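Dear colleague,

Please find the structure below, handed over for your records. My notes on what was found in it follow directly after.

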Amino acid sequence: MAIRSKSSSRSVLPQTAVLKQILKRCSSLGKKQHNEDYDEQGLPLDVPKGHFVVYVGENRSRYILPISFLNRPEFQTLLHKAEEEFGFDHDMGLTIPCQEDVFLSLTSTLR
């Protein structure tokens with residue numbers, strides 16, 4: 001399964017390359033912050049290694065998820081929707097476009 005790159009409608013990136021881009025983007029979001037909530041590398045202190053942050057719902061509630069979710073087809077569907085609606089080239093964090101209760105229901109089945 002491959003995902004089309006937003007930069008070119010003709011190029012197709014392997015799924016692993018897209019997942020690496022997402023993780024790199026998510027882990028670099030905190031680097032612009034300079035306060036006590038971030039370590040010396042600019043990464044959020046409350047996000048354990050092997051996890052990433054997403055924002056969900058109208059209120060953009062913040063959730064910390066295991067990286068293993070990125071390989072799950074159910075979660076990849078949400079990532080595709082996020083890419084279509086928001087793209088991955090912004091500084092607002094990885095935002096998942098679905099209702100919070102639906103997101104919680106889905107992630108509870110993935111654990």
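Two strands count as paired here if DSSP finds at least two bridges between them. With that in mind, His51 stands opposite Pro66 in strand 4. Please note that the model is predicted.

**Overall architecture**

The chain contains three helices and five strands, and along the sequence these follow the pattern β-β-α-β-β-α-β-α. Of its 111 residues, 34% are buried. The accessible surface amounts to about 7300 Å², and carbon and sulfur atoms account for 51% of that area. As for contacts between residues at least 6 apart in sequence, 47% of them join residues at least 24 apart.

Three strands make up an open sheet with mixed pairing, in the order 4-3-5. Strand 4 (61-66) and strand 5 (95-96) are at the edges with a single partner strand each, so one side of each has no neighbour in the sheet.

Strand 3 covers residues 51-56 and pairs with strand 4 in the antiparallel sense, over six bridges. Besides the His51 and Pro66 position mentioned above, Val54 has Tyr63 as its bridge partner in strand 4, and Val56 has Ser61. With strand 5, strand 3 pairs in the parallel sense over two bridges. Val56 takes part on this side also, its bridge partner in strand 5 being Ile96.

How much of strand 3 is buried? Five of its six residues are, which leaves the strand mostly covered. In general terms, the side chains of a regular strand alternate between the two faces of the sheet.

Helix 3 (residues 100-110) lies across strand 3, strand 4 and strand 5, and it runs at about 15° to strand 4.

Strand 3 and strand 4 form a hairpin with four residues between them. Gly57, in the turn, has a positive phi of about 85°. Arg60 is placed in the loop between the two strands, strand 3 and strand 4. Its phi is also positive, near 50°, in a residue other than glycine. For context, most residues other than glycine have a negative phi.

Is Arg60 buried, partly exposed or exposed? Its relative accessibility is 31%, so Arg60 counts as partly exposed. Arg60 also lies over the face of Tyr55, at 4.7 Å from the ring centre.

**Aromatic pairs**

The structure holds three aromatic pairs. In the pair of Phe52 and Phe75, the ring centres are 5.9 Å apart and the planes stand at 75°, so the arrangement is edge-to-face; the cut-off for that class is an angle over 60 degrees. Phe52 belongs to strand 3 and Phe75 to helix 2 (residues 73-86), so this pair ties together parts that are 23 residues apart in sequence. Phe52 and Phe75 are both buried.

Tyr63 and Phe103 form a further pair, which is tilted, at 5.3 Å centre to centre and with 50° between the planes. Because Tyr63 lies in strand 4 and Phe103 in helix 3, the pair ties together parts that are 40 residues apart in sequence. Tyr63 and Phe103 are buried as well.

Finally, ring pairs link Phe52, Phe69 and Phe75 into a cluster.

**Lys81 in helix 2**

Helix 2, which contributes Phe75 to the pair with Phe52, is also the place of Lys81. With a relative accessibility of 43%, Lys81 counts as partly exposed. The C-alpha atoms of Lys81 and Thr95 are separated by 9.8 Å, the two residues being 14 apart along the chain.

With kind regards

Note on methods
Residues are numbered from 1 along each chain as its sequence is written. This is a predicted model: local features need pLDDT of at least 70, side-chain atom pairs count only at pLDDT 80 or more; totals for chains, interfaces and linings use all residues. Side-chain values use heavy atoms; hydrogens and water are left out. Buried means under 20% relative accessible area, exposed over 50%, partly exposed in between (1.4 Å probe, protein chains only). Contact means heavy atoms within 4.5 Å. Accessible areas come from the Shrake-Rupley method with a 1.4 Å probe; for residues, only the protein chains shown count as cover. Axes are lines fitted to C-alpha atoms, for helices over the stretch in contact, and angles run from 0 to 180 degrees between N-to-C directions. Rings of Phe, Tyr and Trp (its six-membered ring) pair if their centres lie within 6.5 Å; planes under 30 degrees apart count as stacked, over 60 as edge-to-face and the rest as tilted. A charge sits over a ring if NZ of Lys or CZ of Arg is within 6 Å of the ring centre and within 35 degrees of the ring normal.
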